[in-house]
Amino acid sequence: MVLDENAKGKLSQFCLIKAENIVTLYDVPNIWHIPLLLRDQKAHEAIFKVLNLNGVAREPGLEEWTCRAEACDLLHEPVRIALVGKYTDLSDAYLSILKALVHASVDCRKKLFVDWISATNLEDATAKENPDAYKAAWKLLKGADGVLIPGGFGDRGVQGKIIAAKYARENRIPFLGICLGMQIAVVEFTRSVLGVHDANSTEFDPNAKSPVVIFMPEGSKTHMGGTMRLGSRRTFFQTKDCKSAKLYGCKSFIDERHRHRYEVNPDFVVRLENAGLSFTGKDETGKRMEIVELPNHPYFIGVQFHPEFKSRPGKPSPLFLGLIAAACGQLDTVLQHSSNVDSCGLSKAVGTDVSAIKAYNKKAVLKSAYRPEYVYGYHF
């Protein structure tokens, strides 16, 4: 609820804070309305005064932000993404992933539902030990419009992630693998398509007979922390006739943030490409695989970097936008208009229903009742 002047007066008196510096942040339909609340209560003017910026500061230009926040309130058509991970009991572990999915779903004018699936629950061992959890996990996976496997460390749940990648590949479900998720997709393809059944990552089996994913040569096996390949690195597209390059606006190269110690074994690349897997992005040496795609799949992309770290409201990560667009049947349109964005920051590929927004505003339904941001489906 909004604080009245009497309540502000008491807070000012007992907390030794000027009344004009007290603002009310009550529950709103989605979190993007908060900057609008701050503006309406002149919070920016109080900040200007304290920092002595009155002579140079301007009124906040929030027209684009307002358009986006109000558009979010109109979303009702769902898109379901199965997030298959190791840390699904703590959703904040994937907060950057979650926000990137939100940014992309809003751009596609869809309400996001994330089905959290613990990777171990997809494995045969769970089918014997906890059949209810096994059935529930598979029900969520089969009901999803898209599948995402994020990064992670350690071997717990790896087999479940491989199963999920195989399901998405064989059933032509839109798929995005990030860091470990990309490595999982390569391991699965090597096992299932190349028939190399003992293919593995040396992260999980240091003595793997067919190490399709290996420790980076320049890495340290005794010291952790800063020894990973970290920070912004350049990826060069090997062809512009692929989904990832088109989503990035047909650029020759991109810079994305990395955080990993393992990589695809270059010795397997030729065999994998001959079998149909396409490494569409590589580093400057051409020996480190950065992006992998299945050309004959509706949307099957794995990346060694973390595109979620650069996603922003109004400027979603291209690869997340591709996943959501593929999951709701809009990929062809998004690929054609990947670099065409309207004044509200929403893709013209899906359109911005300004008249609907205006009609919505007239109804004045922005109540203080709380609901989760755009609605996430929590399933553990």
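**Reading contacts, helices and rings**

Biologist: Leaving aside neighbours within four places in sequence, which residues is Ser201 in contact with?

Modeller: Contact means that heavy atoms lie within 4.5 Å. By that criterion, and leaving aside its neighbours within four places in sequence, Ser201 is in contact with Val187, Val213 and Tyr262. This is a predicted model, in which local features need pLDDT of at least 70 and side-chain atom pairs count only at pLDDT 80 or more, while totals for chains, interfaces and linings use all residues. Residues are numbered from 1 along each chain as its sequence is written, and side-chain values use heavy atoms, with hydrogens and water left out.

Biologist: In which strand does Ser201 lie, and is Ser201 buried or exposed?

Modeller: Helices (H or I, at least four residues) and strands (E, at least two) are DSSP runs, numbered from the N terminus. Ser201 belongs to strand β5, residues 199-201. As for accessibility, buried means under 20% relative accessible area, exposed means over 50%, and partly exposed is in between (1.4 Å probe, protein chains only). With a relative accessible area of 1%, Ser201 is buried.

Biologist: Where is Glu203 found, and which residues does Glu203 touch, not counting residues up to four places away in sequence?

Modeller: Glu203 is in the loop between β5 and β6 (210-215). Not counting residues up to four places away in sequence, Glu203 touches Gly152, Phe153, Gly154, Leu180, Gln183 and Tyr262. The C-alpha atoms of Glu203 and Gly154 are separated by 7.4 Å, although the two residues are 49 residues apart along the chain. Glu203 counts as partly exposed, at 21% relative accessibility.

Biologist: How many helices and strands does the protein have, and what share of its residues counts as buried?

Modeller: The secondary structure comes to 14 helices and 12 strands. Of the 380 residues, 52% count as buried. Among contacts with a separation of 6 or more, 69% are accounted for by residues 24 or more positions apart.

Biologist: What describes two packed helices?

Modeller: Two packed helices are described by the angle between their axes and the distance between the axes. Axes are lines fitted to C-alpha atoms, for helices over the stretch in contact, and angles run from 0 to 180 degrees between N-to-C directions. Here, helix α5 (residues 95-107) and helix α12 (residues 318-327) have axes that come within 8 Å and cross at roughly 60°. α5 and α12 are therefore oblique to each other; angles under 35 degrees count as roughly parallel, over 145 as roughly antiparallel, 65 to 115 as roughly perpendicular and the rest as oblique.

Biologist: What is the handedness of the crossing of α5 and α12, and which residues in α5 and α12 meet?

Modeller: A crossing is left-handed if the near helix is turned anticlockwise from the far one by less than a right angle, and right-handed if clockwise. The crossing of α5 and α12 is right-handed. From α5, Ile97, Ala100, Leu101, Ala104, Ser105 and Asp107 meet Phe320, Leu321, Leu323 and Ile324 of α12. The residues of this contact of α5 with α12 divide into eight nonpolar, one polar and one charged (Ala, Val, Leu, Ile, Met, Phe, Trp, Tyr, Cys and Pro count as nonpolar, Asp, Glu, Lys and Arg as charged, and the others, Gly among them, as polar).

Biologist: At what angle do helix α7 and helix α8 pack?

Modeller: Helix α7 (residues 131-142) packs against helix α8 (residues 158-170) at about 35°, with the axes 11 Å apart. α7 passes α8 in a right-handed crossing. Trp138, Leu141 and Lys142 of α7 meet Ile163, Ala164 and Tyr167 of α8. The contact of α7 with α8 comprises five nonpolar residues, no polar and one charged.

Biologist: What describes a pair of aromatic rings?

Modeller: A pair of aromatic rings is described by the distance of the centres and the angle of the planes. Rings of Phe, Tyr and Trp (its six-membered ring) pair if their centres lie within 6.5 Å; planes under 30 degrees apart count as stacked, over 60 as edge-to-face and the rest as tilted. A search of the whole structure finds nine aromatic pairs. In one of them, the rings of Trp32 and Trp65 have centres 5.9 Å apart and planes at 50°, so the pair is tilted. Trp32 lies in the loop between α1 (5-15) and α2 (34-40) and Trp65 in helix α4 (residues 63-72), so the pair ties together parts 33 residues apart in sequence. Trp32 is buried, at 6% relative accessible area, whereas Trp65 is partly exposed, at 24%.
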